[in-house]
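Take a look at the model below. This report walks through its confidence, its domains and one set of strands.

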Amino acid sequence: MKFINEYRDAELGKKLIARIQQRSTKPARLMEFCGGHTVSIAKHGIRQLLPPTITMLSGPGCPVCVTASADLDKAIALAKLPGVIITTFGDMIKVPASRSSLQQVKAEGGDVRIVYSTLDALKIAQGNPSKSVIFIGVGFETTAPTVAASVLQAAQQAIDNYYVLSLHKLCPPVVKALLDSGEVKLDGIVCPGHVSAIIGSHPYEFIPRDYGIACVISGFEPLDILQCVDMLVDQIESGQPKVEIAYRRGVKPEGNKIALELMYKVFEVCDGNWRGIGVVPGSGLRLRKGYQRYDAERNFEIRAGEPVEPKGCICGDVLRAVKMPLDCKLFRKVCNPEHPVGPCMVSSEGSCAAYYQYGEGYGR
Amino acid sequence: MCLAIPAKVKSIDGVDAEVEVGGVRRKASIMLTPEARVGDYVLLHTGYAINVIDEEEAQETLKIFQEIAEAEDRDSPN
Amino acid sequence: MEDKILLAHGSGGKLSHDLVKQNFVPLFDNAFLNKLDDSAVFELKGRLAFTTDSYVVNPIFFPGGDIGKLAVCGTVNDLSMMGAVPKYLSIALIIEEGLLMSDLKRIMGSIKKAAQESGIKIVTGDTKVVNKGSADRLFINSAGVGAIPPGVDISGSNARVGDKIILSGSIGDHGIAVISQREGLQFSSSVKSDCAPLNKLVAEMLDSGVEIRCLRDPTRGGLASTLNEFAESSQVGIRIEEELILVHEVVQAACELLGFDPLYVANEGKLVAVVAANGAEKVVEAMRRNKYGKEAAIIGEIVTEHAGRVILKTRMGASRIVDMLVGEQLPRIC
C-alpha cells in the first residue's frame with residue numbers, strides 16, 4: 001500500500017533507532033497524545049527499541065476513553081427511546097457507562113447500529129423515514145468536520161430525521177489544562193497526526209512558548225514515530241523547543257482550512273466534560289443554534305440519571321499520565337478486555353487495552 | 001480518532017468520489033477536500049477525505065530516512 | 001416445485017418428503033442416503049474421530065463460497081486436523097421460511113461439490129423449517145466421522161521445545177471476504193474466501209514421514225487464537241516472526257481500512273502445523289506441491305521461555321505479545 005509500506009521499512013528503522021540511541025543523553029519524558037499513536041507504539045514495540053533516557057507516556061488522546069460517563073449515559077438514554085435508531089462508531093459500543101453500555105442496550109432490543117461513516121448513518125436515515133436516526137458524535141478535530149459535513153448534507157438533502165449527539169472535543173485546550181495542572185513533568189509531546197491535518201501546527205505554538213516543551217507532529221507508521229522521537233530528542237538536546245511537523249506528507253502548517261470552516265459553521269466551542277479530568281473550558285463542541293434541528297440534545301428528552309464512576313478504576317489518572325496501567329490494582333486481574341471496568345481498557349485505543357493486548361511491561 | 005489511510009482517488013462525481021487502497025475500493029466524500037483530483041492520494045477517515053497527501057513531501061521524508069541511514073553506516077563501520 | 005421454502009417443507013409431510021426425495025437424494029446419490037432409513041448404517045474399524053459444527057455465517061453467499069461449502073469444508077477440516085481420513089458426514093438444515101428455492105439449490109450444489117472434492121459421503125440429513133424471523137435465512141449443522149490411521153497422534157498438547165511452526169498460506173482472506181458483503185461496511189475488493197477441504201493436504205504431510213505433532217485450522221479468532229491454544233495446551237512458549245506471515249496486500253488494505261488485525265481474522269482453508277524441527281523443510285516442500293499449500297512457510301518455533309504465551313517479533317525488531325482474541329473485532333475508526 002502506497003504511503004504506508006515505505007514507512008515500515010525495518011532497515012531504515014534500525015538506522016533511525018541507532019541515531020536516537022547515540023544522540024539522546026538528557027532524560028526525555030515524551031507524551032503521545034493521540035490514541036492512534038498509543039496503539040502504533042505498542043503494536044510495533046517501539047518502547048523497547050528506545051534508549052533508557054526516553055520515557056514514553058500516554059495522554060488523554062483516546063476520544064472514547066475521555067467521554068464522561070454522564071455523556072455516555074445520554075447516548076444510552078437516547079438508545080432506549082422508542083422509534084430511535086442509534087448509529088455509532090464501533091469503538092463506543094462496549095464502553096461501560098454508569099449502568100449500561102450501548103452493546104447491552106442492543107442486546108436488550110435497542111436498535112443500535114455500528115457504522116463506519118456518518119455517510120452510512122445518513123443512508124440509514126433516508127431508508128427509515130419514520131424513525132429518528134441519532135449519530136453519536138465522538139472524536140476530536142479529525143472527526144468533527146466529517147460530522148459537520150453530514151449535518152450540512154442532511155440540510156441539503158432535506159433529511160429531517162437525522163440528529164447528532166455532539167460529544168466532540170478539542171485537543172489544544174486539554175493539553176493546556178494538563179500542563180497547567182502541573183501533575184506531569186514533560187519534555188516533549190508527540191503531537192497528533194490527523195488532528196493536525198485539520199488544525200495545522202499553529203495551535204500548538206503556546207506549548208514551547210509558554211511551557212518550554214518540545215512539540216513534533218507525527219505520522220503513525222513506525223518510521224514516522226521514530227522520526228518524530230528523533231526530532232524531539234534534537235530539540236531537547238539543543239534546549240530549543242519549538243513546533244515542528246515530521247508528518248509533512250499529511251500536515252500543512254495551516255491545516256485544512258475548508259474542513260475547519262465547515263466544522264465551525266455547524267459547531268461552536270463550549271465547555272467539554274473530560275473523564276478523569278473534569279470540565280475543561282472551551283474544549284468541547286456543540287451544534288450552533290442555526291443547526292439545532294439536528295441536535296439530539298435539543299430535540300429529545302434525555303433522562304440519563306446520576307453518573308456513576310466504577311469503583312477502584314483509575315482511568316482518570318491513567319488518562320492524565322499520572323499513573324500507568326500497570327499501577328492500577330484492577331489491571332489484568334479484574335479489568336481486562338473481556339470484562340472491562342473502565343474505558344481505557346475497552347477502547348481499542350485506550351492505554352490499558354494497548355498495554356494488555358500487546359503485553360507492554362510484560363515480564364517487568 | 002486518528003485512523004486515516006492514504007487512498008487513491010479513482011473517480012469523482014461532484015462531492016462523491018471512489019477511492020482505492022491496496023486493491024480495496026470504497027465510496028468517499030470529498031466535501032472537506034474539494035480540491036482533490038483523480039489520481040491524487042487522500043487521507044481517508046470515516047469515509048471522508050480529510051486532506052490531500054503531498055507526494056513531494058512524502059518523497060522528501062523518505063529521502064531524509066535514506067540520508068540518515070547512510071550517515072549511520074558511515075559513522076559506525078560495523 | 002415451489003419457488004420459496006414453506007413451513008410445510010419441514011413438517012415431515014408430502015412436501016418434506018418430495019424435497020428430500022426429489023432434490024437431496026439424487027444430488028448426493030449414495031447407497032446410504034438412497035435407503036432413506038432413520039439412520040445410516042456402516043462399519044468402521046480402528047480409532048475414529050467424530051466432530052460437529054454449526055454454520056450460521058451471514059451473509060450466506062460470499063466471494064469464494066457459501067454456507068454450504070463452509071459446512072462441508074469446516075467439518076472435513078476438523079477431522080483432518082486430527083489426522084483422520086474423513087468418511088461420513090451428516091447435514092442438518094434449519095431453514096427460515098421464505099428462503100428462495102433457487103438459493104437452497106445453489107447451496108446444496110456447493111455442498112455436493114465440496115463433498116466430492118474431499119471424498120466425504122453425505123449419508124444422513126435432516127430438514128426443518130422455522131417461522132420467518134426465527135433463523136437468519138439458513139443455519140446448517142454438520143457432523144462428521146473419520147478414521148485415524150494407526151500411529152498417528154496429533155493433538156494441541158503435543159508441541160515440544162525446538163519444534164517448528166508451519167502456516168499453510170496467507171491469512172485473513174475468509175474473514176475479509178465475508179465482512180466485505182455486510183451492510184454498512186460497503187467496500188468492494190477482489191478478496192475471495194479461502195474456504196477449502198484440507199484432508200488431502202494433511203494426508204500428503206503425513207506421508208512425508210515427518211512427525212506432525214499439532215494441527216489446527218485457524219478459523220474464528222484467527223492465527224493468534226490458534227497459536228495461543230497450542231501454547232496453553234502444550235505449556236510451551238511460541239515465537240513467531242511478523243515478516244514470515246503472509247498477508248495478501250488487498251487483505252492488509254481492508255484490515256487497515258476497518259482497523260482489524262489480520263492475526264485475528266478467520267480463515268477457512270488454512271492450517272497451522274507444529275512439526276519436528278529436522279523434518280520441517282521436508283513438510284513444507286510436500287505442502288507446496290498441493291494446491292492448498294502453495295504458499296506454505298515456517299513462521300516460528302516452540303521455545304521454553306514464556307510458557308503459555310505467544311511472542312511476535314515485529315518487523316521493526318521489537319517483540320510483543322500476541323494475545324488471544326477477546327470478544328470480536330469491531331470496525332473501528334481509531
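Two strands count as paired if DSSP finds at least two bridges between them. Keep that in mind for the strands of chain A. The model is predicted.

**Strands.** In chain A, strand β7 (residues 188-191) pairs with strand β8 (residues 214-217). Strand β1 (residues 28-32) of chain A pairs with β7(A) too. The table sets out both pairings.

| Strand pair | Sense | Bridges |
|---|---|---|
| β1(A) and β7(A) | parallel | three |
| β7(A) and β8(A) | parallel | four |

Some partners can be named. A:Gly188 in β7(A) stands opposite A:Leu30. A:Cys191 has A:Ile217 in β8(A) as its bridge partner.

Side chains in a regular strand alternate between the two faces of the sheet. Now look at β7(A). A:Gly188 and A:Val190 point one way, while A:Ile189 and A:Cys191 point the other way. All four are buried.

**Domains.** Chain A is assigned domain 1 (5-62 + 171-245), domain 2 (69-170 + 257-299) and domain 3 (315-358). The C-alpha centres of domains 1 and 2 of chain A lie 30 Å apart. Their contact takes ten residues from domain 1 and 13 residues from domain 2. On the domain 1 side, α8 (171-181) and α9 (193-199) of chain A each give two or more residues. The largest share, five residues, comes from α8(A). By class, this side has nine nonpolar residues, one polar and no charged ones.

**Confidence.** The model scores ipTM 0.92 and pTM 0.88. Chain C averages a pLDDT of 92, and 96% of its residues score at least 70. Where pLDDT is low, predicted coordinates should not be read in detail.

Notes: Residues numbered from 1 in each chain as written. Chains lettered and ligands numbered in written order. Predicted model: local features only at pLDDT ≥ 70, side-chain atom pairs only at ≥ 80, totals over all residues. pLDDT = per-residue confidence, 0-100. Domains from an automatic or database assignment. Contact = placed C-beta atoms within 7 Å. Nonpolar A, V, L, I, M, F, W, Y, C, P; charged D, E, K, R; others polar. Buried ≥ 20, exposed ≤ 12 C-beta atoms within 10 Å, placed from the backbone.
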